[in-house]
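Hello,

Here is the structure I promised to pass on.

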Amino acid sequence: MVFSFIFIPLLIAACLPLIGKVSKKIIPDVLTNTTLAFLLLNSILLVKPVFSRGSLLQNINWFGELVNLQIALDGFSLLMLFTISLVSLCITLFSIDYLKHYGHQANFYALLLVMVAGMNGLVLVPDLFSVYLFLEVAAVASYALVAFGLGPEELEASFKYLMLSVVASAFILLSITVIFGLTGSLSFQAVARGLQDLNASLVLGVCLAFFIMGFGLKAALVPFHAWLPDAHPSAPAPISAMLSGLLIKVSGIYALFRIVYSVVGMTPALSKVLMAMGAISIVVAALLALGQNDVKRMLAYSSISQVGYIILGLAIGTPLGIAGGLFHLFNHAVAKGLLFLNSGSIQHITGTRNLNELGGLGKKVPVTAGTNLIGALSIAGVPPLAGFWSKLIIIIALIQADHFGYALVAILASILTLWYYLLIQRKAFFGPLNDRWLKIKEAPFWMTAANVILALLCLLVGIFFSPVFKTWIAPAADALARGVQQVLMWGI
Amino acid sequence: MKVETITQLIIFIPLLGSLLVPLAGAISPKLRSFWSVLIGGITAFLPLTLITQALKGGEILWSKRLALGLDFVLIIDPLSIFMSIVSSFIGFLIIVYSLGYIHHEEHQNEYYLMVVMFIGSMMGLVFSGSLVFIYLFWEIIAIACWRLIGFYRQKDYVLKADKAFLMTFGGAVVMLLGFILIYAQTGTFDLTAMRGVAIPGSAVLLILFGLFSKSATVPLHTWLPDAGVAPTTVTALLHAAVLVKIGVYAYARLFLYTFKIPAAWQQAVIIMAVISSLIAAAGAVVENDIKRILAYSTISQIGYIFLGLSVANPTAVSGSLLYILMHGLAKAGLFLCAGIVIHSTNKRDIREMGGLIRTMPMTAISFLICAFSVIGLPPLGGFFSKLLVIMGAIKANQIWVAALALFTAILTMYYLMRVFSLVFLGELKVSAPEKTPSMVGVVTVLALFSVLAGFFVSYPMKLVQLATTHITWWLR
Amino acid sequence: MIIQIILLSGLVLFSILAILLKDLLKSALSLAVASLFLGIIFFRLGAPYAGVFEISVVAGLITVLFALTVALTRKDSEVQEARLTRLVFPLFFVIFLIIDGLVMKSLLQQVPALPTGPETGSFGEVLWKARTFDLVAQLGVILAGVLAVLALFRKKEEDKDE
Amino acid sequence: MMATTLLWPIIFPAVMAIILFLIPARIKLVREVLAVLSSVVMLYLGFSLFLLKNLSLKTNWLGMGINFDFRLYQFSAFILLALSGFLFLIVLYSTIKMKDHPRIREYYAYVFLAAAFSNGAVLANNFVLLVFFWEAILITTYALITLGLKPTSHRTAVKSLIIGGLCDFSMIMGIGLIWASTGTLTMDQVHLEPYGLAAAAFILMMIGAIGKAGAMPFHTWIPDAALDAPVTFMAFMPASFEKLLGIYLLARISLDFFELKVGSPMAMVLLIIGAATIVLAVFMALIQKDLKKLLSFHAISQVGYMILGIGTAIPIGIAGGIFHMINHAMYKTGLFLSAGSVEHRTGTTELKKLGGLAREMPWTAFGFSVCALAISGVWPLNGFVSKEMVFHGALETGYPIFAIAAWVGAIFTFASFLKAGHSVFFGPRSTEVPKTRESQWSIVLPILILAILCITFGVYNKLPLENFIQPVVAGHAEPGQHIDLAAGALNLFTPIAGVSMLCLLIALGLHFYGWKQGGKKAYLASEPIHRLPVLHQLYDLSEARFFDIYEQGVKFLAWLSRMLFKFIDRPIDFIYEKVVVSIGRFFTVLFQKAHNGQYGNYLAWTIGGLIVVVWVILKLLQ
Amino acid sequence: MSNLWFLYLFFSALLIFTGIYCLLTMRNLIKLFIAVEVISKGVSLVIIATGAVKNSILLAQSLAITYIVVEVSLVATALALIINIYKKNKSLDVRSLSKLKG
């Protein structure tokens, strides 16, 4: 049942605060993890039907059409669902041990599940306004989660995040409304059909600009990125992972490209703008990351930079570019999730995230160091890890589409990427051992386990990139590459 | 066993075996050492069984189709077999040497993991027939290398490691761009499908970036002397035997075996090679740190290898291939001798050493023999390779280049003899005994091999000849 | 038409007042008045339910929330706003007004009329049948909001533990 | 006879070298017997091969025309024989002289290895093979010099190595050029006119040859080695083996590989080098205060005659050069061995400390005197014969200046030997050396053999000339011209011989004058010349090694290296270490400054970005 | 009809401009959030106006109501945040919220 992706987490989230009164820790832990594991399983089971039919449209009609829910699932959404379930499962596993710092597991998990539900909903709905709504569901939950620590920095970050996001979503909604005005409908299908024979390119252009700004802010494209380096590091580590790994991709990239490809249709002008913004993001954020001393802040800037890659790939418009972008999206979700969790481990172990205070941890906590290394190298695009393949595909696509300059930027920026990741490695793990950390021990089991699972994913996806690509990425890319046709097909 | 199977084993045994090293290390250090030596030994042994295949000439191709045409292709031909024998053998010797050298250090798990993985990916690189997989193994090597250079965790050491990683990575990604340009032109990454294709100069330039950065050729060379902060075993592995040969090997694989390189670029490589050789030799004369000297020396010798390959006539090419072997043996020997010296004196500045021939005669003599081989004096192996390269250059009408190369050879002689005199002769400044038998044994073996390779040069030469005729198929 | 424009102008005016007034409570009240105008506009545009919602929820509930917040943060929370802000606002506003007018006028010709027939059915039907998902999402948003408030106003357990 | 016999002179000594090396240091007798025996075997091999004359062996080696190709013929057989002869004498001599050397195992190993390599070089019929053996000798030379065990030995060894390397590398270059222009590496298939590129090849090959022979300016390691290396080495390498090899190759180059015409530019080059070497080296020899060093300079000077002889490109001159080579090897080896004998007994070779040893060491004195007279070209010794031939040839070229140079050389040669002999063996008995006696038989015997050979080759010059020399030159005479070198060889009453004799008289006069001037101290006999106004400064400069190409060259190398390092290598590194990093840092800091944490600022970017995006999209749409 | 649409769009643009101007220049957190409210008024005006003009007022009405619900949720969260910030900082000045930078 595809609907379970939305309902189950919502339901559990609603129950959790009550359960929290009964059992503070164990039941919330188990329940959340089971839910997400179930969703993961579910998404894997969906591969076959989606694969065979291309897309899946489900309706629920209850009470004589009083309840009329419609859900559309194609390769792209399935990839997102899978990514969301996978990464958030690892994150909740990690949280089992990590949340001791914060307490209030039930509340935390409830918010987390609401966020998951919001993202799942966003991915599944075939309707512009619903997209906005689920965006807000996930966003409201994320504001609270960013501020979950209730420290001054957390609050500050959350506030800025909220205030910028609100503006962004206002523009998104504005744009949706104008499109509604132009076509008279809100569902993807009808809008796509309506826009096809509509001759209002200027107004539509402005709408798209609003979308780019709105979703771009959610996805943290430069220059709309400024909230991210504040919000992501301030959140608890699992939430950082959630935000960087999933939220910016779902509410930013997924929504933007779903609308751009499947509803409006990609145009060269749009492609140019998005690619330019992607390239700028890559470079600017990479340079910014270089100057950071806080591990998580550096990772946050890295997210911006990598989102730049994803958008650069997706915006090329060729099937290969889309595939590369989506593959990178997946890989980045896994790897950045890993890195943020890992930074949580570091913080748990040492109590600090300042690179200058760390040093030589590799000797004391080899597993944390190793998983961090794998994640970092994967994002930097060092083979044989997963990130390499996606970057490779993106660059191939760039060259094939004759964007030599962008290819060069992408290539050179990957050197920068490696540069700042090496900073982390050097300062935190491989330098001389700081005397303060003589007595530290490896992080608790579940934290380490989550790290290891994600690191293995990075590695295995890299080694077995071919089956992964064929199973998950290629259908998703096909779905996008078919453009507006994909949405129009849904009805049939 | 089928040749293809053996080849896959050569690649995957060390790659997967390396992952088990930390596990073995968790059980006991003895087991770890045993395991590493075992894997190294198997990897060194298996290529030998391919010699019969090599002597048959011709090539065997094997490929596994992967998504997007990024196929995994293996080319088993005399060139790859030759290269695999050389690098796995030296790698194995270095593992054995490490048993003594690295004995007291921390992070041994990481060390053996990386060394074995290094060797494994080298094997992968050597047999790969696909641009993507060449790049892939290329970078795995870079990772291993990076960790190994930063082995001693000092602050500036890890900085140097990062520098090396960044420079080689930078070169490599630029090279990747070149690969992709070729892909855009031909629609495939499979080398065997692209033989004889003329590629644009821009792609050549980009690829050269990668090759030069990995093979430490001027102007992308400065990471190599700095990488001398690594344990000497590693520098031997990096500088001498394996790492820097990668670029050279890739040059042979790409620009001789596969593509037609535009004549202007070929000339450019020739000139770069010889200039690199000269400048690096100058560096070796000026430096005082023994490992930096040897590192510069490596850069200089790599220049010769590039020279031979870029001249691209059979004489020079076979000279270059032979050079890979001879330089590998001799330079590994030099580094490991230097390692013994450093290990026992705890000094690296040659001006602070002296007279060590009295306390460590075997090391001194091995050093001298290896030095002679690097200089290119008969009857040691290095003579033939250098001779053939220079002869080839002259034959290709590159007379001034050849003259400059010979001049560099004199510089080589000068600085190596300088090192030898300062370290081993003169008055004894630091008295230090020779080290464990496994270390001295390995350097002796290497020196011995340098000598034997000179006297029995015709055996490796046969393989080299086959490889040369195979990769210079376009001359036929 | 004229009434509509007057209402709209009132809306804009009170919104401007809401942001320009120094006293926060007065600002909140101005906002409430603006909401009132909006509600009336909604009603006149044929959206009575939305108008009611606007007036009751936004002008009522949200204003209360604002007032509550202002009350809770009253103590030495005076923030000195830059004086220039208020002074130059009219200038910018007029400039934007002109640009806005020109843009909208030029866009006017761009948009083709949409050949749509009048809607059928009742508001309830539309809300339930066509927009069921919105209701689900509303639940989600409310849940998120509630949980957020719970999370933000929770007592820190650690304080007790430590 | 099997063709593989040709490998014996190479493999046998090489194997012996290993065996001798492996024999433990303490078993002296076995080693010595074994060494002498094997040198006898070598001599036997040399003889039998000399009698065979023609033999060749060719197997595949490296491919590409680089074959394992040996050829024995007249000339090489002769040189092979000479090499084995000298090897025998030196090994015999070494049994005593080197007896207590701490690294005696290495010594024999190196000597036999050197013999193996030299034999290989002589027999090689492929250029690469030639270079292989030729250059390999460098290592043995290096090793043997280090056996001098003096503090500076190693330095000198490196010097010899680098100078030798320079010469050999230029030879490689020459070979490369030959290969490039003829397409073959087989030596007997190459015959080029030395013009253009081939001329360059000629010069380069020639540098290789004369460098080995020790001509100016590649000589400078020899005088240093005279002091730093064992004296047996001096007799072994610079005096005999290297001369034989060098001049052998020079002859091959000039006669076989290239068509050297009388008076052609290449011939002039040889003549000039020859003449310069004669004169300059002899002037240096004259003033030396150490017997070994004096001898070493003569070893250089005499090479000049050989080069001069070959450079004439006239059969008699060439023959003279080659004959001089073999003669020189004899008497110079004899001289070094005598010097070694003196050193063996007295522990020094400084002229100042020695004197009047003739009574105590009569046989050594006799041998020394004969050899000294032979080197000075006194009738009827072998030196006279070969020098006359060279003078003859030099005059026939039409440039008398070269003959004059040769004569000048002769004057000072004699003068310096008068000084040396006088101060060591004659004159008053020096007090600085304790009483001593004649050396053991195995030291004296080689000296005497060599002295007798000097006489034999002089008086019965027909024997060597007809057996050894004439066949070599035979092919190069004009058709129909019959060469009978021995005919007037000992004729004293020709103008040329007359001038030569006059030279000897002048030398005698000079020595007498100097001896008088120096207060009847023989070792000061050369001082008047030493103190001549301009010469004096030149001498000082050369004492300071100003003219030493090695010293200057090494300085140049170091300077060049520093320049390259400082101005190319470091700047490149600077770019990576500093420039790239600071550019990155600059932008990083710039961007970081922009992120000042102010909400309004961030919102402004957002709105600004929005406006730009709108503008760009609209622009693109129009 | 579309003339009318642009009239409403014109006024909502004014509202949004006012709100953004306030967000850009004002400093009091509560004031900032009031500005957000002003913006959201502009948005809801557009929703209803579009529905009215394009003959789908019922749909628009349901959207507007949903939007108002979202707004309430947001306001609650934001005000909770503001109160928390006030508790920590004892100030409502947005300029004091610049600890995170660089």
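Between chain E and chain C, 62 residues of chain E are in contact with 69 residues of chain C, where contact means C-beta atoms, placed from the backbone, within 7 Å. On the side of chain E that touches chain C, the elements giving two or more residues are helix 1 (2-25), helix 2 (29-53) and helix 3 (57-89) of chain E. Helix 3 of chain E provides the largest share, 24 residues. By class, this side of chain E has 39 nonpolar, 16 polar and seven charged residues; Ala, Val, Leu, Ile, Met, Phe, Trp, Tyr, Cys and Pro count as nonpolar, Asp, Glu, Lys and Arg as charged, and the others, Gly among them, as polar.

A word on the source: this is a predicted model, in which local features need pLDDT of at least 70 and side-chain atom pairs count only at pLDDT 80 or more, while totals for chains, interfaces and linings use all residues. Residues are numbered from 1 along each chain as its sequence is written, and chains are lettered from A and ligands numbered from 1 in the order in which they are written.

Now to chain A, which has 21 helices and two strands (DSSP runs numbered from the N terminus: helices are H or I, at least four residues; strands are E, at least two). Its C-alpha trace spans about 70 × 60 × 40 Å along the principal axes. Of its 492 residues, 73% count as buried, that is, with 20 or more other C-beta atoms within 10 Å of their own, all placed from the backbone.

Chain D has 22 helices and two strands, and its C-alpha trace spans about 115 × 60 × 60 Å along its principal axes. Of the 622 residues of chain D, 57% are buried.

Best wishes

Terms used. Two residues are in contact if their C-beta atoms, placed from the backbone, lie within 7 Å. A residue is buried if 20 or more other C-beta atoms lie within 10 Å of its own, exposed if 12 or fewer, and partly exposed in between; C-beta atoms are placed from the backbone.
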